[in-house]
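Please keep the sequence and the 3D view open while reading.

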Amino acid sequence: MTDHAQPTRRAALKFAGALGVTFLAAPTLAADVARRKLVVIVCRGAMDGLSVAPPLGDADYVRLRGPIAISSDKVLKLDADFGLHPKLAALYELAMTGQARIAPAVAIPQRIRSHFEAQDLLETGGDRLYGAATGWLNRALASAGRGRSIQALSIGAQSPLILKGPILTQSWSPGGKLTSDISRVSSILQDLYRYDPLLGPALASGMQTEATADALDAGVSPGPRDAKGFAVTAAKFLNVEGGPSVAVLSLNGFDTHANQGAADGQLANHLKTLDDVIDGLRQGLGPAWSRTVVVAVTEFGRTARINGTGGTDHGTASTLILAGGALKSGGIIGDWPTLREGALFESRDLAPTLDVRQVFKGVLADHMGLDRRSLESQVFPNSAGVAATVGLVA
Amino acid sequence: MTAEASNALRAAIAVTRFGLGARPGELADATLDPQTWLKAQIRREGADQPAGALPDSRDRLMALVAYRDEVKTFKADAAAKPQPKAMTETAPGGGMMADAPGRKRAVSTLLKAERRDTLRPLLEGVGDEIFARTVLAARTDAPFRERWTLFWANHFTVSAVKVESAVLVGPFEREAIRPHIFGRFEDLLVASSTHPGMLIYLDQARSAGSNSMAGRLRKMGLNENLAREILELHTVGADSGYAQADVTEFARALTGYSIGSEREPGPRQGRFLFRAPLHEPGARTVMGRTYAEGGEDQARRIFADLAANPATADHIARKLAIHFVANDPPPALVARLRSAYLSSHGDLAQLADALITAPDAWDSGQRKFKTPNEFLVSSYRTVDAAPTQAARDVIQPLTALGQRPFNAAQPNGWSEQASDWAAPDAVVKRLTWAARFAEAYTPQTTEPMQVAQATLGARLTSPVAAAISRAETRPEAMTLLLMSPEFQRR
């Protein structure tokens with residue numbers, strides 16, 4: 001028997017390495033990975049991490065925040081140092097059973113205080129602004145899809161940058177209802193759209209999703225202000241056999257420059273919506289929740305200090321939230337930089353201790369089965385030096 | 001291409017790319033000389049004003065303040081301690097306000113009435129504004145002028161994300177934008193940055209310097225939101241090289257830019273008011289230039305320099321080229337607009353002229369996908385009609401298509417990217433709206449092919465014409481026209 005006829009284990013590993021496949025883990029992972037669910041919630045407007053997860057153990061927190069600090073008797077305590085905002089009650093219950101965790105000092109790779117540029121960077125996954133033109137989640141679909149097709153769905157009238165790219169994704173928002181007339185005109189239009197790269201694929205995908213929605217009876221269920229009902233419906237799409245396993249939602253209104261409020265008020269209302277959405281996803285996913293990771297993330301945090309109008313201005317690091325039955329239980333993700341004067345970034349913002357791509361990479365590797373090489377080159381270009389946060393997923 | 005054919009195509013471009021989509025007969029008007037037809041719509045006095053008796057920002061703001069005061073009084077009443085028992089016992093029959101639960105009920109009835117009588121009309125006023133501007137867009141015979149207006153309204157976005165800004169978006173557009181769209185950019189910038197709508201939307205009205213009187217005595221402080229967005233969105237743009245220190249310094253210069261409250265004498269209520277006690281004393285340095293103390297005038301001098309900054313010319317030239325021509329606009333077009341801006345010192349009438357006469361702007365490729373509002377307005381123009389109801393005809397359909405009027409999610413306004421408007425769900429929603437619209441607006445006398453020719457002109461392709469001629473019903477033919485690749489683009 002020669003080495004040529006029967007490859008040695010070493011040769012096989014070498015071969016796998018050359019292909020960039022994590023060979024040994026593949027067989028078990030592959031079977032299960034296909035059924036995994038990932039939901040990304042983009043919280044737009046710069047969500048104030050210091051209110052999402054108040055650092056009660058940090059002596060400077062109350063001093064810097066004054067009347068908008070969440071008082072310690074209201075905070076839902078996670079451990080001696082951190083808690084959750086009182087409006088994040090459902091998230092807190094999940095955290096208590098190891099199904100939610102926070103990363104309290106996360107930031108995008110470049111220091112930017114423009115909402116729009118920072119959201120672009122968060123969603124493209126580039127190492128710097130304009131380092132990539134398509135969304136990292138779309139490129140992740142392309143990289144994870146070898147031999148299997150992963151579908152993704154955005155919820156809402158507009159599809160976000162994070163999901164834009166070469167892989168056609170679905171989108172859905174409530175309120176549609178198909179009739180036989182519409183279906184007929186749609187088939188004629190398909191013919192007119194044959195050479196239309198924008199409208200052709202969009203109409204085909206949209207009609208298919210609408211048909212699914214009709215079957216799920218989704219077109220009628222949630223009211224305009226019913227965040228939870230909306231999320232329950234969104235979750236139902238993820239449960240459709242052969243349907244999408246990745247979903248993206250956007251929440252707006254986190255830009256609290258004035259009258260931010262504390263345990264109640266403007267920001268509290270938006271956090272309640274976020275909590276309802278996470279709770280609705282859990283409810284709607286049912287048994288699939290155990291195979292799900294939800295990531296809630298924002299473009300940057302807000303100033304450590306309260307500003308002159310009872311709010312906070314654009315800052316740097318913020319809190320990222322992970323939830324889902326697929327999480328490995330554990331404490332705070334990443335280090336806490338503290339709010340000491342000397343520790344603040346530019347003497348004004350919470351300093352980041354974790355690059356947001358580290359968390360994304362960890363989730364994509366451990367939960368969606370992406371290999372390191374595509375994570376470093378395709379999904380997050382030039383990120384070889386940015387280590388994935390491992391051990392987030394059970 | 002013959003001169004005649006080329007003029008027909010240029011007319012079709014003029015009415016859709018520069019205008020808002022052809023009304024019956026408009027294409028014929030534009031065909032003789034498309035450029036002259038467009039140029040004639042530029043006028044010094046600015047945009048048209050929407051029809052109807054629409055209250056100004058002062059009336060709207062004061063009505064809101066009055067409502068808030070009433071609510072506060074009621075709530076204070078509700079929270080007040082119950083009256084002493086002896087008193088209630090002496091009241092014959094107990095009376096309506098005798099006990100705490102009774103009092104709460106009474107207050108909640110009053111609150112409900114107040115909401116119905118004051119708040120609801122105010123919010124309906126927002127619908128009136130949306131309706132009036134949509135009717136204007138659907139009916140105007142100067143559609144380039146109106147597109148140019150809507151471009152600037154979007155450039156200086158004020159959004160209805162707060163109740164206070166919701167009631168002011170309409171007045172902001174009428175008072176700060178429309179009069180200035182063919183004037184100097186600096187005047188437009190000042191009008192926008194001093195209008196109560198913008199001052200409230202971007203949190204400027206209560207911003208105070210830490211060394212101002214209000215900062216020292218009342219612990220009021222700085223809010224840098226408006227300063228940042230003026231630099232990033234309205235003038236020089238994010239890539240022009242300013243730093244956080246410039247934002248903070250500009251914000252300090254802007255302190256005092258505020259609004260007259262109900263405590264001011266009548267004529268000053270609800271209008272721009274410079275409040276010296278909020279203003280941070282001292283000289284400010286913004287983008288390398290130092291501005292001596294001068295109260296209100298300090299920020300005015302910064303506005304003037306920002307308007308004259310070549311980075312502002314770059315930023316605006318690029319945005320215009322993107323809006324009118326393509327998301328990756330021809331560099332020559334951007335350069336032409338930039339130099340027109342600089343040589344005219346930001347004269348927007350000359351800038352409009354430079355756009356219309358730019359050869360690159362007439363490229364026959366249709367690279368702009370209509371926004372939902374453009375799609376809806378051009379559909380009404382095609383059938384020579386206008387919406388008759390704000391909620392049903394305008395607000396609900398545009399909300400479903402992702403563009404709820406006056407409600408841009410963020411201060412950078414509505415997107416220019418086709419992919420933001422052509423998500424699969426959005427295309428299906430366009431189709432369902434188009435089908436319903438076609439049912440309502442296709443009388444038996446309509447000849448769909450004539451409508452198609454009158455609206456698309458030389459842009460009507462033979463596959464679309466064939467589909468229209470083969471359609472089973474008139475509404476189906478209309479739906480196909482409205483959803484055709486050419487009608488969806490401009």
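## Basis and the contact between the chains

Two residues are in contact if their C-beta atoms, placed from the backbone, lie within 7 Å. The model is a predicted one, in which local features need pLDDT of at least 70 and side-chain atom pairs count only at pLDDT 80 or more, while totals for chains, interfaces and linings use all residues. Residues are numbered from 1 along each chain as its sequence is written, and chains are lettered from A and ligands numbered from 1 in the order in which they are written.

Chain A brings 44 residues to its contact with chain B, and chain B brings 45 residues. Helices (H or I, at least four residues) and strands (E, at least two) are DSSP runs, numbered from the N terminus. On the side of chain A that touches chain B, the elements that give two or more residues are helix 6 (115–124), strand 6 (170–172), helix 8 (180–192) and helix 9 (199–216) of chain A. Helix 9 of chain A gives the most to this side, with eight residues. Sorted by class, the side of chain A that touches chain B holds 15 nonpolar, 20 polar and nine charged residues, where Ala, Val, Leu, Ile, Met, Phe, Trp, Tyr, Cys and Pro count as nonpolar, Asp, Glu, Lys and Arg as charged, and the others, Gly among them, as polar.

## Helix 6 of chain A

A residue is buried if 20 or more other C-beta atoms lie within 10 Å of its own, exposed if 12 or fewer, and partly exposed in between, with C-beta atoms placed from the backbone. By this count helix 6 of chain A is mostly covered, with eight of its ten residues buried. Among them are A:His115, A:Ala118, A:Asp120 and A:Leu122. The buried residues of helix 6 of chain A pack against helix 7 (136–144), strand 8 (292–298) and helix 12 (356–366) of chain A. Just after helix 6 of chain A comes A:Gly125, which takes a positive phi of about 75 degrees.

## Chain B as a whole

Chain B contains 24 helices and four strands, and its C-alpha atoms fill a box of roughly 95 × 65 × 35 Å, taken along the principal axes. Of its 490 residues, 52% count as buried. Among the contacts in chain B with a separation of 6 or more, 70% are made by residues 24 or more positions apart.

B:Glu476 lies in helix 24 (residues 474–483) of chain B. Why does B:Glu476 count as buried? B:Glu476 is buried because 22 other C-beta atoms lie within 10 Å. Leaving aside neighbours within four places in sequence, B:Glu476 is in contact with A:Val185 and B:Ala471. The C-alpha atoms of B:Glu476 and B:Ala435 are separated by 7.2 Å, although these residues are 41 residues apart along the chain.

The axes of helix 8 of chain A and helix 24 of chain B come within 11 Å and cross at roughly 45 degrees; axes are lines fitted to C-alpha atoms, for helices over the stretch in contact, and angles run from 0 to 180 degrees between N-to-C directions. The two helices are therefore oblique to each other, given that angles under 35 degrees count as roughly parallel, over 145 as roughly antiparallel, 65 to 115 as roughly perpendicular and the rest as oblique. This contact is made by A:Val185, A:Ile188 and A:Leu189 of helix 8 of chain A, together with B:Glu476, B:Thr479, B:Leu480 and B:Met483 of helix 24 of chain B. The residues of this contact divide into five nonpolar, one polar and one charged.

## Two helices packed within chain B

Helix 9 (residues 185–193) and helix 14 (residues 296–308) of chain B pack at an angle of about 135 degrees, with their axes 9 Å apart, and are therefore oblique to each other. In helix 9 of chain B, B:Phe185, B:Glu186, B:Leu189, B:Val190 and B:Ser193 meet B:Arg300, B:Phe303, B:Ala304 and B:Ala307 of helix 14 of chain B. These residues divide into six nonpolar, one polar and two charged.

## Positive phi in two loops

Most residues other than glycine have a negative phi. A:Asn259, which is not a glycine, has a positive phi of about 50 degrees. A:Asn259 lies in the loop between strand 7 (246–251) and helix 11 (266–285) of chain A, and is partly exposed, with 15 other C-beta atoms within 10 Å.

In chain B, phi of B:Lys219 is near 55 degrees, a positive value in a residue other than glycine. B:Lys219 sits in the loop between helix 11 (213–218) and helix 12 (225–234) of chain B, and counts as exposed because it has 11 C-beta neighbours inside 10 Å.
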